[in-house]
Amino acid sequence: MFDRCSTTAAPAYSAILASTPCSAITALTWSSISLSSSWRFCAIAVGLLLNDVLATGFDLNGNPGQPLFVYDPTSTIALLRIEPLAAEQLAFSSAAGETGNNEVLLDLLGLKSQTITLGGSQVTLNDAYAGLLGTVASDSRQNQADFKSATAVTLDEEVVNLMTYQQTFAQRASMQASAPV
């Protein structure tokens, strides 16, 4: 089946992924990179895992599997792009010419349960993704709170300002009303 991550599409991470069994991505690998790099690493690693599994299969025409994800190291917004494959080009069969065979598709679905070592603990790819997403959400919430506290306007200040403007308006209105025409 699939055993090793390919490194041809991800030269920036070749030291991390080169001939490393996909299931043995170490805690050091994951913890030694920044959060934005973690997202990049996750995207690359998962994309390569999916491509490796698809490479073991055959499409409906009996052709060997093609990569679904293409890594672009020069892009900052489209790190992985999806190859425009037609449905019949997806290599979900484990045997050429065997329609109805979905063994490779089942292998793809099983990837979410594949375990990796993250922070010294064994976790599934699904749990690693959820944890990374939780970290981003928590950081985002903290950034919003920091921004609000830095730019916050107290209601007491606003009430005092409103009362001052109201008194000024009333004084000017009374001065205008008493002025001769």
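Predicted model: local features only at pLDDT ≥ 70, side-chain atom pairs only at ≥ 80, totals over all residues.
Q: What makes the contact between Arg-81 and Glu-83 a salt bridge?
A: Check the distance: the two side chains meet at 3.1 Å, N to O. The cut-off is within 4 Å, between a side-chain nitrogen of Lys or Arg and a carboxyl oxygen of Asp or Glu. So the pair Arg-81 and Glu-83 qualifies. The structure holds one salt bridge.

Q: Why is Arg-81 called partly exposed?
A: Its relative accessible area is 43%. Buried means under 20% and exposed means over 50%, with partly exposed in between, so Arg-81 lands in the middle class.

Q: How many residues does the largest nonpolar core have, and which element gives the most to it?
A: That core has 14 residues. Among those with the most contacts inside it are Leu-50, Val-53 and Leu-108. Helices H3 (35-55), H4 (103-110) and H5 (125-151) each give two or more residues, and H3 gives the most, with four.

Q: What does Leu-108 touch, leaving aside its neighbours within four places in sequence?
A: Leu-108 is in contact with Leu-50, Val-53, Leu-54 and Phe-92.

Definitions and conventions: Residues numbered from 1 in each chain as written. Heavy atoms only, no water. Core = buried A, V, L, I, M, F, W, Y, C linked by side-chain atoms within 4.5 Å. Buried < 20%, exposed > 50% of the residue type's maximum accessible area, 1.4 Å probe, protein only. Contact = heavy atoms within 4.5 Å.
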